[in-house]
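I opened this notebook to record what I looked up in one structure.

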Amino acid sequence: MTFARQSLGSLLALVFGVAVSVLLPRILGPEARGEYQLAVKLAGLVLAVAQWGIPEVLLQMLAEGRARTGALIGTSLCLGVGGAAFVAGVLGLAAPLFHDNLLRGVEPVLLWLTLGGSVASLVALMARRFIQLGGRLDVYNGLDVARTLLFLALVAVGGSLLPRQALGPTIAWLIGELTLAIVAVIFLWRRLRGAGGWEVQPGLARELARSGAPIQLGLLGMFVGSEGGAFVLNANLPLAMVGIYSVALSVSRLVLQVSIALRTALQPRLVAGEHDSAAITTRVTRHGVMWMILIGCALAIGSPLAPFVFGREFDGVGPALVLLLPGMVAYGLWQLLASHLLRIGRRGFLAATAWLFGLASMGLQALGAQVFGLPGAAAGLSLAYLLATIVVLVAFVRSSGRPARDLLPVPADLAFYVGLTRRVLATR
């Protein structure tokens with residue numbers, strides 16, 4: 001019951017994710033939507049490099065009690081901020097080299113705004129990770145929802161002042177990230193100020209860097225595979241096509257809110273010493289697969305409505321969305337199974353799988369875009385997700401000793417939700 005309520009708290013982000021997916025295209029149009037997507041994803045590249053896999057490493061380190069929490073916080077933030085500032089500076093200086101291809105049509109001021117905001121994003125990411133693993137999922141989810149609400153309000157204001165310009169939502173994103181970072185750090189500081197304070201330990205920094213290196217490579221591979229397609233499309237197709245593709249991606253990723261919500265509630269239990277990490281991961285994954293398939297089917301059925309929801313300029317969203325959905329369900333399965341693999345320290349394997357996905361994704365998206373346009377790129381990304389998820393699934397089965405059929409929903413799961421609904425209604 002508690003697990004379900006905590007997961008439902010995370011699913012509130014799904015509602016606001018839908019609002020963002022609808023509002024941005026209507027305010028910006030295809031070209032400005034594509035420009036905003038490319039600028040913000042450059043900040044995502046900073047995070048993929050600068051976090052160095054530390055948020056994932058923390059799951060195992062906290063579970064095994066290998067360092068004091070204050071030392072982990074101080075050392076992690078120091079490593080992250082330093083890395084983010086360095087990577088953002090390098091990317092900012094290198095950006096002019098890609099002005100006529102990968103970053104074609106993106107104003108330099110947008111790049112510098114998002115690169116600067118990436119440092120705040122890194123701080124917010126690290127702070128929220130400690131809040132999550134500390135069991136305060138109410139705060140973790142509340143911060144996410146509040147950040148999205150602030151972003152929506154600022155986007156609405158910016159849309160009236162700067163219609164069909166990417167500058168408005170970029171500034172809104174920057175303010176949202178800064179606010180989230182400040183509030184998360186203050187909460188974390190107030191909660192742990194009596195536990196010895198924060199400190200930076202060189203030895204712990206080396207251990208975090210060494211342990212995080214494999215997953216860091218994996219995160220970079222995931223970024224290349226998941227987000228690199230937009231840059232490839234921008235080098236080969238009009239910027240408006242990038243905007244249409246980004247809308248299809250953002251809608252298809254609503255499926256992932258299920259796996260994100262379940263994983264958010266799952267990982268603190270793995271830290272707290274669940275007697276069988278694989279057992280609880282299997283139970284949670286089975287429910288997640290059921291809900292992801294249901295949401296994916298609903299989105300596929302509603303895909304013909306894309307021109308009415310986003311505007312006639314986005315009529316290409318529907319076909320791309322349908323082709324992306326199988327891959328998103330597969331990736332959600334991958335995310336949930338990865339919790340157990342991270343718990344037992346299989347970071348190197350996950351990194352290798354991420355690069356398998358990244359390279360396959362870039363090749364398949366580029367080939368698909370050249371031959372079939374946007375639908376081809378969407379099919380390429382989806383196929384790459386399916387390929388990598390099969391590899392992770394095989395590894396989970398072998399490491400846990402549990403058959404793959406245990407991950408499939410069963411009729412008893414439906415009875416569980418019926419009973420859960422009755423208990424929730426009975427408490428009101």
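The entries below follow the order of my searches.

**Entry 1: the model.** I noted that the model is predicted, that local features need pLDDT of at least 70 and side-chain atom pairs pLDDT 80 or more, and that totals for chains, interfaces and linings use all residues. Residues are numbered from 1 along each chain as its sequence is written, and side-chain values use heavy atoms, with hydrogens and water left out.

**Entry 2: salt bridges.** I searched the whole structure and found eight salt bridges (a side-chain nitrogen of Lys or Arg within 4 Å of a carboxyl oxygen of Asp or Glu). I looked up R68 and E199, whose side chains form one at 2.4 Å, N to O. R68 lies in the loop between α2 and α3 and E199 in the loop between α6 and α7, so this pair ties together parts 131 residues apart in sequence. Helices here are DSSP runs (H or I, at least four residues), numbered from the N terminus. R68 has a relative accessible area of 32% and is therefore partly exposed (buried is under 20%, exposed over 50%, partly exposed in between, with a 1.4 Å probe and protein chains only).

Entry 3: I found R147 bridged to D144, with the closest N and O atoms 2.9 Å apart. Both lie in helix α5, three residues apart, about one turn of the helix.

**Entry 4: the surface.** Where is L97 found? I located L97 in the loop between α3 and α4. L97 counts as exposed because its relative accessibility is 65%.

Conventions: Helix = DSSP H or I, 4+ residues; strand = E, 2+ residues; numbered from the N terminus.
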